[in-house]
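Work through the exercises below with the sequence and the 3D structure side by side. Each task is followed by a solution in steps.

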Amino acid sequence: MSLTPKSFFFHFLSLLLLLLLLSATSSSSIQNLLQSQGLPGGLFPDNVISFDLDQNGRLEVHLDGPCMAKYETRVHFDSVVRANLSYGGLVGLEGISQEELFLWFPVKGIIVSDPSSGLILFDIGLAHKQLSRSLFEDPPVCKPQGALLENFGRKMGFAVLR
């Protein structure tokens, strides 16, 4: 089978389109998915490399590694975060912890019950915390834990040993 210039061009464009679609499963795609479900697009950090959503609404988000981000407080993301996604909520969360008063608590759920309120509810097991939805519109920069500790040590006047 020989390819004519026209069929070669068609196959080339098809391959290019496929590559573009495959590369679209990044943080911008997760933002679109969250927004389509009534959630702010910046709930996950900027280092999302892929995600899977099954027919039952089970979401699995893959990051390029564990990292720390800052919204109002510090948040730790595992390299894989899992949750049940439904309109207005991520429940049964696994892989996210939030710092409160120097203690770390697993985030169990993130819920937007009334979009007009401008608030988002974080369930950290022992308590619920309401935060401004505007904090989560853009994905935060997520840095490896060592990078944040190094910067923290310098700000406190400590030498960081390697």
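Cys67 is buried, with a relative accessible area of 1%; buried means under 20% relative accessible area, exposed over 50%, and partly exposed in between (1.4 Å probe, protein chains only). The model is predicted, so local features need pLDDT of at least 70 and side-chain atom pairs count only at pLDDT 80 or more, while totals for chains, interfaces and linings use all residues. Residues are numbered from 1 along each chain as its sequence is written, and side-chain values use heavy atoms, with hydrogens and water left out.

**Exercise 1. The disulfide**

Find the partner of Cys67 in the disulfide and describe the bond.

Step 1. A disulfide here is a pair of cysteine sulfur atoms within 2.5 Å. The structure holds one disulfide.

Step 2. The partner is Cys142, and the two sulfur atoms are 1.9 Å apart. The two cysteines sit in distant parts of the chain, 75 residues apart: Cys67 in strand 3, and Cys142 in the loop between strand 9 (128-132) and helix 3 (145-155). Helices (H or I, at least four residues) and strands (E, at least two) are DSSP runs, numbered from the N terminus.

Step 3. The torsion about the S-S bond of Cys67 and Cys142 is about 90°, so the disulfide is right-handed.

Step 4. Cys142 has 10% relative accessibility and therefore counts as buried.

Step 5. Now look at Met68, which lies in strand 3 (residues 67-70). Met68 is buried at a relative accessible area of 6%. From Met68 to Val141 there are 73 residues in sequence and 8.4 Å in space, C-alpha to C-alpha.

**Exercise 2. The chain as a whole**

State how many helices and strands the chain has, and in which pattern they follow along the sequence.

Step 1. The chain has three helices and nine strands.

Step 2. Along the sequence the pattern is α-α-β-β-β-β-β-β-β-β-β-α.

Step 3. Of the 162 residues in the chain, 36% are buried.

Step 4. Contact means heavy atoms within 4.5 Å. Among contacts in the chain with a separation of 6 or more, 40% are between residues 24 or more positions apart.

**Exercise 3. A hairpin**

Describe how strand 5 joins strand 6, then examine the loop between strand 5 and strand 6.

Step 1. Two strands pair if DSSP finds at least two bridges between them. Strand 5 and strand 6 (residues 103-106) run antiparallel and are joined by four bridges.

Step 2. Within this pairing, Glu99 stands opposite Trp104 in strand 6.

Step 3. The hairpin has two residues between the strands, and Leu101 takes a positive phi near 50°. Phe102, found in the loop between strand 5 and strand 6, has a positive phi of about 70° although it is not a glycine.

Step 4. Leu101 is exposed, with a relative accessible area of 78%. Phe102 is also exposed, at 78% relative accessibility.

**Exercise 4. Salt bridges**

Step 1. A salt bridge is a side-chain nitrogen of Lys or Arg within 4 Å of a carboxyl oxygen of Asp or Glu.

Step 2. Arg58 pairs with Glu94, with the closest N and O atoms 3.5 Å apart. Arg58 is in strand 2 and Glu94 in strand 5, 36 residues apart.

Step 3. Glu60 and Arg82 meet in a salt bridge of 2.9 Å, N to O. Glu60 is in strand 2 and Arg82 in strand 4, 22 residues apart.
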